[in-house]
2 protein chains.
Amino acid sequence: MKQRHEYILGEVVKAYLDTGLPVGSRLVSEQGGTDLSPATIRNVMNDLERAGLLYSPHTSAGRVPTDTGLRYFVDSLMVVDSDIHARLDAEVAQSLAGAADTKGVLRRASDELASLTHFAGLVTVHEKRIRQVRSISLIPVSSERILAVIVSDAGEVQNRLLVRPPRMDDAALALASGQLNDLLHDCSLAEMRRRLIREMEADRLKVRELIEALKNWAEAAETEEPEIFVRGQPQLLEFPEIGMLDTVRSLMAAFEEKEHLLDLVNEVERTETGVKIFIGREHALVNMEQISMVLARYRGAENVVGTLGVIGPRRMHYDRVLPIVDCTARWVSRVLGGQL
Amino acid sequence: MKQRHEYILGEVVKAYLDTGLPVGSRLVSEQGGTDLSPATIRNVMNDLERAGLLYSPHTSAGRVPTDTGLRYFVDSLMVVDSDIHARLDAEVAQSLAGAADTKGVLRRASDELASLTHFAGLVTVHEKRIRQVRSISLIPVSSERILAVIVSDAGEVQNRLLVRPPRMDDAALALASGQLNDLLHDCSLAEMRRRLIREMEADRLKVRELIEALKNWAEAAETEEPEIFVRGQPQLLEFPEIGMLDTVRSLMAAFEEKEHLLDLVNEVERTETGVKIFIGREHALVNMEQISMVLARYRGAENVVGTLGVIGPRRMHYDRVLPIVDCTARWVSRVLGGQL
DNA sequence: AATAGCACTCGTGATGATAGAGTGCCAGCC
DNA sequence: GGCTGGCACTCTATCATCACGAGTGCTATT
C-alpha cells in the first residue's frame, strides 16, 4: 500500500475514533499535517473504499472505516505511547494491592479496567474447578454441624456445611475424616463420586447421610458455573452507537448468558500470550457489530488462569486501551502468582 | 369512595396493565361488564383525576393511573387468584430442590423469579457477615500452604489459603491452631483484629507472617460487599417504557452499585413479614419512575436472611407477581432452613 | 342523574420544500 | 502524469404544514 494511502487511512481512522461520525475529505485536508487538497484526498479515499478499508453510509456522508480498515490501522499504523505504561503501572499496582483474596483481585481488576477505559471491564476465571482431589477433611463446627473441606491439587478450596449425623462425636468424626481422606485422596471428582457410591452400597462407613451429601456435592461441583466479573456496563450506554436498543439487549444478554462470551474468550486462550483485539464483526456476537473487545490472558500461581479485558464501542482508542489491558493482565498475574 | 368510582378505577387500571397505553372512556364503556355510556364514565374519570388517582398525559389522550391510583388498586381492589398458589408451589419447589448449596438456591431463586414473571429476578443476602468468631482452625494442605477456616456463630464459614511459614511442620501447625482458637474464640472481627495486633507486638506466637495474614483477612472481611443475584435484566428492555435510555442506564447502574438497591431493600426488612410492593416513585430511585418492585423477606436457618423479589415495569400484573414472590420467599426459607 | 351531541385540543403521521454536506468527475494547471 | 479547483449531483436531516383520529369537557336534553 502506498504511503499516502496509509497516511490518509490513518487520518480517517483517527478522526472517526474521536467523533464516531463519518469523516469527509475536507476535514482530513484541514486537520492533518498535510497540505493535500480535498479533491486529492477524495481520490485516495475512493481507492481505499474499493479496497474495502472504508465505506460510505450513503452518497453524501463522509467515510467510515470498515472492520478491516480498523484492523489494518491497529496492526500496521498504530503506535502505542510507551510512556503510558509507566504511569499505568503504579495506578494498577496500587489498586490491586488492596485486595484481600483472589476474588478480590479479580473484582478490582475489572473495576480498574472499567474506570481506566470508561468502558466495561471484564474478568473471567477458567480452570478453577477441582479436577483432582488432594485432600478432604471433616471439621467439627457445632454439635449439629460439621464442615467438609476439599482441597484440589491445584490448591483450590471448596467447603460446605453438613449436618452432623446423630451420635457422631468428635473422635468418630476424626476417624471418618481419616478414612475418607484415604479413600478419596488423589482421585478426580468423577472417581470420587463413583467411590462414594460404592461405599454407600457396601455401607462400610456407616455414615450414610454424610456420604450422600458428599456425593451430591461432587456432582454439583462438576457442573458449576464459571465465574465472571463485569463492571462499568452503564458507561457503555453513553455511546450513541451502543445505545441502540438491540445492542443493549444483546449486551445484557451476553453478560447474563455467559456461555457465548466465554466461547469467544476461549479463543484468546488458544492464542499466544499477549493482547488480542476483536473489532466489530470479528467476534460473531449478533447485534454487536458496533462493539469491540480487547482481551488478554492472565495466569496466576496454582493454575488460576483466565481472560480479562475491555468491552467497548468499535471506535475506541485502541492505542490507549491496549496498554491498559496488557498492564492489568500482567499485574493480575503477578499479584496472584505471588499471593496464592 | 363510591362503588362506581372504584369499579371504573379498576377497569382503567386493568386495561392499562394490559396495554401500557392511556385508556379512554369509550374503551371502558365497551369492554367492562357495565352499560354505562362513555360520557358518564368521563365524568367519573374526571373525579378520579381530581382525586389524584388518574391523570392525562395530555388533553386528548385517555387516562393513566397515577402511582396512588395503582396503590389503591393493589391495596383495595385487587383479588389474588388463590388457585395460582398450588400450581406455583410445585414448580418453585422443583426448581429449588436441585440446588447444591445456599448460593445455588439463591441463584436458582432469582432465575425462577425471572422466568415466572418475565421481569428481572432479584435476591440479596444480608447478615451473612461474620460478627462473632466461633472457631478458627489451620489445616495443612501442602508443604507450602495451609488453609485457615473461620466459622462464625451464625454458622457462616470463610476460608483462605495462606503461605505456610518455613520450618513449621504439621505438629507445630496443630499447636498454633489450638492456640489461635483459644485466643480468638468467641470474639468479634474487630476484637479479633485487635488481639492479633497485640499478639504481633508481643511476638508471642512466633509466626508473625501468619498472624499478619489473618489480621488482613479480618480487616477485609469487615468491608466485604454484600451479595446480590440478578437474572432476567434483558427481559425488562422489552417494555417500551423501560427501553428509554435514561431508565436503562439507571437500571444498570442500580444493579452495579448495589448500595442504593440495598437501602431500599432494607425497608422491607423492617416491615412485618410478607410481600411489599413499591410502585413507581414510591421507591426513590431516580429515572426509574416507570419501574415497580415486589419484594419479600426470606429467612433460612443459621441466620441467613435476605430479600428477594422482582423488578419490573410499573404496569405489571401485581395480582400474578405477588403470589410468585410470596411463594418463592416461602420456599427459599424452607429449603435453606432445612438444609443448612 | 344519566346521556347524547358538539366544539375543542392535542398528538401523530404524511407530505413537501430547503439547506447542508460530501461526493464524483472533468477540465485545466504545474 | 499527478494534483487541484469547480461544478453538478445525490442524499439526509430538519422544519413547517396539513389532515386525521382520538378523547375530552361542556351543555342541553331526557
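Which residues have the most contacts inside the largest nonpolar core? They are Val325(A) and Val325(B), and the core itself has 142 residues. By nonpolar core I mean a set of buried Ala, Val, Leu, Ile, Met, Phe, Trp, Tyr and Cys residues joined through C-beta atoms within 7 Å, where buried requires 20 or more other C-beta atoms within 10 Å of a residue's own, with C-beta atoms placed from the backbone.

Please keep in mind that this is a predicted model, in which local features need pLDDT of at least 70 and side-chain atom pairs count only at pLDDT 80 or more, while totals for chains, interfaces and linings use all residues. Residues are numbered from 1 along each chain as its sequence is written, and chains are lettered from A, and ligands numbered from 1, in the order in which they are written.

Leaving aside residues up to four places away in sequence, Val325(B) touches Leu113(B), Val275(B), Val294(B), Leu295(B), Ala296(B), Gly309(B) and Val310(B), a contact being two residues whose C-beta atoms, placed from the backbone, lie within 7 Å. Apart from this core lies another, of 46 residues, among them Leu210(A), Leu161(B), Met192(B) and Ala218(B).

Turning to the interface, 31 residues of chain A are in contact with 31 residues of chain B. On the side of chain A that touches chain B, the largest share, six residues, comes from H11(A), which spans residues 245-256; helices here are DSSP runs of H or I with at least four residues, numbered from the N terminus.

Technical notes:
Buried ≥ 20, exposed ≤ 12 C-beta atoms within 10 Å, placed from the backbone. Helix = DSSP H or I, 4+ residues; strand = E, 2+ residues; numbered from the N terminus.
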